[in-house]
Amino acid sequence: MSYVRVIPRDLFNEGNLLKCYGQLYLNLEKMRMEDCLECDGNAFDIWQNSATGGLRIGNVTLIVNRRVIVLERPMNSREPYPLWALPDDDEIKVFNADGSFTEGFVGLLRTRECN
């Protein structure tokens, strides 16, 4: 376990993180890019970034152009889909409020090949 969890706060934070990853997969599947998301098949390894407080899943990986794109959910966000992609020290919001991909994230996916 990467951090001490507090109930109910962390139940909501981790539940929302998993919701974001589920929506990520559905959207990638619609784009026929679901192979960009890799999972080792084990229990989700959720951990907290000690610098930002954000949550990540360590064993579900987004790979674009043979590079791992870090995905992080800010702690205690009230947004419906608060997931950020962090390529090359940049920050790209993954979702619009309705669960669709932002233009910036689609641009990240479209400019690179998966795996």
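This is a predicted model: local features need pLDDT of at least 70, side-chain atom pairs count only at pLDDT 80 or more; totals for chains, interfaces and linings use all residues.

Me: Then why is Glu14 called buried?

Reply: Glu14 has a relative accessible area of 14%. The cut-off for buried is under 20%, so Glu14 counts as buried. Its place is in helix H1.

Me: What is Glu14 in contact with, leaving aside its neighbours within four places in sequence?

Reply: With those neighbours set aside, Glu14 is in contact with Tyr3, Arg5, Ile46 and Leu55. Contact here means heavy atoms within 4.5 Å.

Me: What makes Arg5 and Glu14 a salt bridge?

Reply: The term asks for a side-chain nitrogen of Lys or Arg within 4 Å of a carboxyl oxygen of Asp or Glu. For Arg5 and Glu14, the closest N and O atoms are 2.5 Å apart, so the pair meets the definition. The general idea is that side chains of opposite charge can pair when their charged atoms come close. As for accessibility, Arg5 is at 30% and therefore counts as partly exposed.

Me: How many salt bridges does the structure hold?

Reply: There are 5 salt bridges. Another of them joins Arg56 and Glu72, with the closest N and O atoms 2.5 Å apart. This pair links distant parts of the chain: Arg56 is in strand E3 (residues 55-57) and Glu72 in strand E6 (residues 71-72), 16 residues apart.

Me: Are Arg56 and Glu72 buried or exposed?

Reply: Arg56 has 16% relative accessibility and Glu72 has 8%. Buried means under 20%, so Arg56 counts as buried, and so does Glu72.

Me: Why can one say that the salt bridge of Arg67 and Asp88 ties together parts of the chain?

Reply: First the pair itself: the closest N and O atoms of Arg67 and Asp88 are 2.6 Å apart. Arg67 lies in strand E5 (residues 67-69), while Asp88 is in the loop between strand E7 (84-85) and strand E8 (92-93), so the bridge ties together parts that are 21 residues apart in sequence. At 26% relative accessibility Arg67 counts as partly exposed, whereas Asp88, at 52%, is over the 50% cut-off and counts as exposed.

Me: How do you know that the buried residues of helix H2 are on the same side?

Reply: The buried residues of H2 (residues 103-110) are Phe105, Leu108 and Leu109. They cover an arc of only 95° around the axis, which puts them on the same side of H2. On the other side of the helix, Glu103 and Arg110 are exposed. What covers the buried residues of H2 includes helix H1 (9-30), strand E4 (60-64), E5, E7 and E8.

Me: Why is Gln23 called buried?

Reply: Gln23 is at 17% relative accessibility. That value is under 20%, so Gln23 counts as buried. Its place is in helix H1. Leaving aside its neighbours within four places in sequence, Gln23 is in contact with Tyr81, Phe95 and Gly99.

Me: What lines the largest pocket, and how is its lining made up by class?

Reply: The largest pocket has about 160 Å³ of space. Among its lining residues are Asn49, Trp84 and Leu86, along with Arg56 and Glu72, the pair that forms a salt bridge.

Conventions
Residues are numbered from 1 along each chain as its sequence is written. Side-chain values use heavy atoms; hydrogens and water are left out. Buried means under 20% relative accessible area, exposed over 50%, partly exposed in between (1.4 Å probe, protein chains only). Helices (H or I, at least four residues) and strands (E, at least two) are DSSP runs, numbered from the N terminus. The arc is that of the directions from the helix axis to the C-beta atoms. On a 1 Å grid over the protein atoms alone, a cavity is a set of points where a 1.4 Å probe fits but cannot get out, and a pocket is an open set with protein on both sides within 12 Å along at least five of seven lines; lining residues have an atom within 4 Å of a point. Grid points are joined across faces, edges and corners, and a volume is the space filled by probe spheres set on the points.
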